[in-house]
Amino acid sequence: MDLFLKNIIRYQVHDIFRIIVWGVVGLSVLLAGLTIIRFKAFSGYLRYYGLWIINSAFMETAAKLLVDLDYQNLFLFHINAVIEYTLLVLIFDHLLKDIGQKGIHFILFPGIAAILLNSIFAQTPHTFNSYSLTLISLATVLVCVYYFFLLSDMSWTLDKKMFQAILIGAIFILHISSLLPILFGNHLVLMDLNEQYIVWLLRACIVLVVKIILFYTLLSYVFTEDLQDTHYER
Amino acid sequence: MSKIKIAIADDQLLFIQGLKMILEQDPTLEVSFFAQNGKVFLEKLMAQPDMADIVLLDLEMPVMDGVKVLMEIIANNYPIKVIILTSHYNDGMIIKLLDEGAAGFLAKNEDPDVVIETIRQVHQKSFYINNYILQLIRNRRLFAKKRTTQQELTKRESEILTLICEEKTNKEIADMLYLSARTVEGHRQNILEKTGCKNTVGLVIYAIEHHIIDINISRYH
Amino acid sequence: MKDSTVVVFIVVSMVILLIISLSVLWFFYHTQNKIIKLKLKEQAAKIEYHKNLLLNTIKTQENERARIAGDLHDDVASKLNVVHLNIHLLKKLSGNTPEHAKIIDHIETSLNESIHRTRVISHELMPQVLKKFGFHYALHELAQSINVTGSFHLFVKDSHLCEISDDFKILHLFRIIQELLSNTIKYARAQYINIKFEKTVDHIIMTYQDDGIGFDAEKSSEGLGLYNIKTRSELLGGDVTFKNSEEQTGSICIVKFKKDE
């Protein structure tokens, strides 16, 4: 009986998971498309944000394809670690400078060095580089919170603040929801598929919702010419 | 000749007394009564309508002001003739009040001799216009809504109007045109109705405005 | 550690973290909103306060003018008239030497001048014709007095459409016109002035137009008068637009306000 239920759950969960993953990938591509079309409208930190969106789309699509074609996709995470880290540092560097704080670009090179060291010597491209990714996510979450504190003191309009809050909030939620799965990433991979999928499913749902909200926000942004100035100026 | 009976309506008792003293220096004039506000004045007038031939009416009085008194007198067809005597001597008031039926308009600080002369003129001919007022009428297109629906005056009526403006009395006009005085009076009433004027001075203004008479300034002192 | 326990642990912590992060975001939004609403309320209150201050100032100004005009008439002019009468009586008394006569003449001249000045000042403070005979007549009277000078041609069209029952509103509209005319006469170097009235379903619209040199909003002296007009328009329950004429030179001022119910 037990086994029967388990099998049913496995198939249900598996299917839902597959649909959601497709949804996530599709949305990422849409987001990337939107970004590319309207890239001229982006400036300053938004440029890097746009690049971050495009990178996510690329990585997620590539990862999914590789899995479907039965190849190993773990090396992608290593590459992504470097790229995403760079982009995140640049985004926050500009954001903080916009607010008038010192930039954080000084952590760029040490960070990259650490990631590379980890990838080359510690967790090789055949394993999930959970250390790098966890630290990246943790750092991102902390910087986001720091940023929200600063943002609440700025005397901008609510519209402008909310726009930035949503964008950074997206990064914030994506990373905070990834913390635990990534930390236990290598452990999870060795578990029964069924058990794993619940975790990945939960994460995928969160990612999907976040991407939908992000897409909607960016869509309304790029189609209102004047908002650009309000959202953009200091 | 009997004395001309004058009433004075003004809110300043001192002014009334001073004016009374000056007017009564002339033996042909008599101040029969006075009042310090419009309501009291009208009450006294209604009690004895023939108590005065002419009233020197101030505009600013408590309870009921001069404008309302004038309108009451005209509306009820009292025979008394109104000379406005006021501090508000400005063009707009002059034209409007003459239009409403005042027979004359004087500033309060007018030379008392002029006041007396005005009283005599009004008593004789029912109106008094001086050069200044004549200029006013001449220079402006007189503003009055009634004028728009005037009927044409008959030839006879125009003739009579011209004579009225030449300051002829009813009797004189009757003699000149070989009519009875009553007929002339009847025509005068018709003319008043047709032109929508309230009294003689209104007729004069009307006539000047419509070029029925030539303006001859020397005629009007 | 059993796999399922690990999974449960991970899932639960994920959910908790998610809830915390959502709370962070929501908290952020909520406080921002409150701060901004508070700021807006403060600003609105300030604006309301200043507006009321301005309106009250103008109301007080008009009340003062009416009072002074009334006092000038009742207290000053009336007494001067009594003096005038008595001077006349003095003149007629026997026993006057030529010196007496000369002095009395001087007194009479000055007296007449004072009376005239009082009249003019009082009239400027509160036009009697407006109070006694209404807006329509007073406006035409004003037009006549300007046209008579020969320097301007002022046309008024359809002023009967302007039906206002509130005395104060009539006064404000009249003052606006007075101010506009004063500006045109002083600054605009115009020849033709046109004032026309229109009526819509709920509004009355007055358009004032001259063919002078147009508005120059930088001139501060003009600016104060224009600001006065703006405030009075608000007292009327409406608003005012200033612009320069497109087809020809000159300025246009449009005052639009609600009709009486």
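Analyst: Two residues are taken to be in contact here if their C-beta atoms, placed from the backbone, lie within 7 Å. By that criterion, and bearing in mind that the model is predicted, 24 residues of chain A are in contact with 19 residues of chain C. On the chain A side, at least two residues each come from helix 5 (130-153), helix 6 (158-183) and helix 8 (193-222), and among these contributors helix 6 of chain A gives the most, with twelve residues. In composition, the side of chain A that touches chain C has 17 nonpolar residues, with four polar and three charged ones making up the rest.

Chain C also meets chain B, where 23 residues of chain B are in contact with 25 residues of chain C. Helix 1 (13-23) and helix 4 (91-100) of chain B are the elements that give two or more residues to this side of chain B, and the largest share, six residues, is that of helix 1 of chain B. By class, the side of chain B that touches chain C comprises ten nonpolar, eight polar and five charged residues.

Within chain C itself there is an open sheet of five strands, ordered 1-2-3-5-4 and with mixed pairing. Its edges are formed by strand 1 (153-157) and strand 4 (238-244) of chain C, each of which pairs on one side only, and the twist from one strand to the next averages 10°. Strand 3 (residues 203-210) and strand 5 (residues 251-258) of chain C run antiparallel and are joined by seven bridges; in this pairing His203(C) stands opposite Lys258(C) of strand 5.

Returning to chain A, helix 3 (residues 74-99) packs against helix 4 (residues 108-122) at an angle of about 170°, with the two axes 10 Å apart. Because angles over 145 degrees count as roughly antiparallel, helix 3 of chain A is described as roughly antiparallel to helix 4 of chain A. Helix 3 of chain A brings His78(A), Ala81(A), Val82(A), Tyr85(A), Thr86(A) and Val89(A) to this contact, where they meet Leu108(A), Gly111(A), Ile112(A), Ile115(A), Leu116(A) and Ser119(A) of helix 4. Eight of the residues in the contact between these two helices are nonpolar and four are polar, while none is charged.

Neighbours within four places in sequence aside, the contacts of Ile83(B) include Ile54(B), Leu56(B), Leu57(B), Ala103(B), Leu106(B), Ile119(B) and Val122(B).

Two backbone details in chain B remain. Val63(B), although not a glycine, has a positive phi of about 65°, and its place is in the loop between strand 3 (54-57) and helix 3 (66-75) of chain B. Since a residue with 12 or fewer other C-beta atoms within 10 Å counts as exposed, Val63(B), with 12, is exposed. Tyr178(B), also a residue other than glycine, has a positive phi near 60° and lies in the loop between helix 8 (170-177) and helix 9 (181-195) of chain B; with 7 C-beta neighbours inside 10 Å, Tyr178(B) likewise counts as exposed.

Technical notes. Residues are numbered from 1 along each chain as its sequence is written. Chains are lettered from A and ligands numbered from 1 in the order in which they are written. This is a predicted model: local features need pLDDT of at least 70, side-chain atom pairs count only at pLDDT 80 or more; totals for chains, interfaces and linings use all residues. Axes are lines fitted to C-alpha atoms, for helices over the stretch in contact, and angles run from 0 to 180 degrees between N-to-C directions. Helices (H or I, at least four residues) and strands (E, at least two) are DSSP runs, numbered from the N terminus. Angles under 35 degrees count as roughly parallel, over 145 as roughly antiparallel, 65 to 115 as roughly perpendicular and the rest as oblique. Ala, Val, Leu, Ile, Met, Phe, Trp, Tyr, Cys and Pro count as nonpolar, Asp, Glu, Lys and Arg as charged, and the others, Gly among them, as polar. Two strands pair if DSSP finds at least two bridges between them. A residue is buried if 20 or more other C-beta atoms lie within 10 Å of its own, exposed if 12 or fewer, and partly exposed in between; C-beta atoms are placed from the backbone.
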